[in-house]
Amino acid sequence: MVAILLAVALVAAVFVGFNIGGSSTGVAWGPPVGAGVVGKTGAAGLMTVFVFLGGWTVGRNVIDTLGGDLVPQSAFSAEASVVVLGFIGLGMLFANLYGVPVSTSMTAVGAIAGLGLATGQLNYAVVGSIMVWWVIAPVVGFWFGAVIGRYLYPHLDDRFALEQSDGPLIVLDHSGAVPIPELGPGTTPKEVLSTSLVLLIACYMAFSAGASNVANAVAPLVGGGLVGPDRAVALGTAAIGLGAFTIARRTMESVGNDLTDLPLLAAMIVMIVAASITTVASSLGIPLSLALATVMCIVGLGWGRATRPISAGGMLKGELQTEVSVDAITAETPSDVPSAGEEDPEYVQDATELFDRSAVVRFVAFWIIGPSVATGMSYVTFLVLPRV
């Protein structure tokens with residue numbers, strides 16, 4: 001019987017990790033894929049490697065929180081681990097079927113919290129600290145984006161505009177005995193550098209995803225003493241990689257094209273901010289979703305760019321004469337960048353469509369629905385079946 005329960009628990013963890021791969025890969029690699037920097041298969045491979053690195057290092061802190069701090073380890077029987085993992089996976093699968101990046105960390109915390117509520121063993125202090133970070137992360141992401149968009153982005157865009165040429169980035173010269181890599185037609189050294197930076201930053205974001213999300217798949221197994229931390233990280237990485245190569249393709253398409261058509265510079269800024277917030281939280285043992293900081297940083301960038309024609313004092317006095325729109329991040333940057341409050345409104349009014357409001361509403365709705373359903377179902381199950 002013990003062997004059967006262990007097998008079921010492992011399958012449940014793989015199921016959760018598979019769905020995490022589908023969700024988190026879209027958040028980490030959607031912008032580079034949407035910008036044409038890397039293909040979906042290449043993104044999935046890099047995602048798997050850096051998820052492992054994040055889970056093996058910083059992610060152990062999050063495993064401790066979910067596997068023993070939120071509820072005591074004594075609550076994680078083999079049966080309870082299976083039930084918790086099942087609810088996490090079902091909530092995430094439902095969201096992945098709709099092509100949205102659900103908050104895996106919120107769903108995991110909700111399912112484990114349901115167990116704690118039903119058994120009277122929930123650590124409310126830990127829940128409170130986690131929820132504080134859930135509020136802080138999107139706020140910090142938004143304001144980092146807003147400050148950069150209003151005061152720095154136009155200058156960065158003017159000096160370091162990241163452009164892509166048609167055709168391959170690198171080609172091989174086969175004229176000699178040994179093929180020599182050369183720049184592709186129309187490719188500049190600046191483009192090679194900028195593309196390399198985008199890939200490096202996406203790898204950093206994948207690292208932060210592993211630091212936070214590997215624990216969501218395996219923490220109940222570790223908490224119940226079914227699997228050791230090292231094997232748990234390896235198992236979680238393999239399952240996330242499987243999801244990255246399969247169902248993540250739709251989520252990458254959703255993030256890369258439905259939510260935003262990000263310029264490469266904007267994508268780099270968003271990924272750095274979101275990955276840094278998530279990595280810091282994970283180092284403190286806080287399970288945090290990449291999606292929270294990512295989406296709000298995008299919104300902040302556009303908001304900050306759109307408010308450049310108005311001075312800070314003018315905004316406080318209600319002197320804003322044009323509608324503030326996050327579409328403005330893709331607006332043309334004048335050759336002589338003026339200071340904030342002095343920019344001509346024509347540069348931020350007729351921007352290309354950046355921000356699909358209906359997509360964001362759908363994303364936020366699933367952030368709420370996923371963990372709520374997981375918490376409710378987990379609570380009812382453990383309340384009705386207290387021996388589980």
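Student: What share of residues 197–219 is helix, and how far apart are the end C-alpha atoms?

Tutor: This is a predicted model. Residues 197–219 are 100% helix and 0% strand. The end C-alpha atoms of that span are 33 Å apart.

Student: Which annotation covers residues 197–219?

Tutor: An unreviewed UniProt entry annotates them as "transmembrane region". The record gives that annotation to other spans too, including 44–63, 131–153, 231–248 and 364–385.

Student: How much of residues 231–248 is helix?

Tutor: That span is 89% helix and 0% strand, with its end C-alpha atoms 24 Å apart.

Student: How many helices and strands does the protein have?

Tutor: It has 14 helices and 2 strands.

Student: How do I read a pocket?

Tutor: Start with the general idea. Rolling a probe the size of a water molecule over the atoms shows where empty space is left. Now this case. The largest pocket has a volume of about 260 Å³.

Student: Which residues lie nearest the centre of the largest pocket?

Tutor: Met-106, Met-131, Trp-134, Trp-367 and Pro-371 do, out of 14 lining residues. By class, the lining has 11 nonpolar, 3 polar and no charged residues.

Student: Which helices supply at least two residues of that lining?

Tutor: α5 (104–119), α6 (124–160) and α14 (357–384) each do. The largest share, 6 residues, comes from α14.

Student: What about the protein as a whole?

Tutor: Of its 388 residues, 53% count as buried, meaning under 20% relative accessible area. The accessible surface comes to about 16000 Å², and 66% of it belongs to carbon and sulfur atoms. Among contacts with a separation of 6 or more, 83% join residues 24 or more positions apart.

Notes
Residues are numbered from 1 along each chain as its sequence is written. This is a predicted model: local features need pLDDT of at least 70, side-chain atom pairs count only at pLDDT 80 or more; totals for chains, interfaces and linings use all residues. Side-chain values use heavy atoms; hydrogens and water are left out. UniProt positions are given in the numbering used here, feature names are shortened, and annotations may be inferred rather than shown by experiment. Helices (H or I, at least four residues) and strands (E, at least two) are DSSP runs, numbered from the N terminus. On a 1 Å grid over the protein atoms alone, a cavity is a set of points where a 1.4 Å probe fits but cannot get out, and a pocket is an open set with protein on both sides within 12 Å along at least five of seven lines; lining residues have an atom within 4 Å of a point. Grid points are joined across faces, edges and corners, and a volume is the space filled by probe spheres set on the points. Ala, Val, Leu, Ile, Met, Phe, Trp, Tyr, Cys and Pro count as nonpolar, Asp, Glu, Lys and Arg as charged, and the others, Gly among them, as polar. Buried means under 20% relative accessible area, exposed over 50%, partly exposed in between (1.4 Å probe, protein chains only). Contact means heavy atoms within 4.5 Å. Accessible areas come from the Shrake-Rupley method with a 1.4 Å probe; for residues, only the protein chains shown count as cover.
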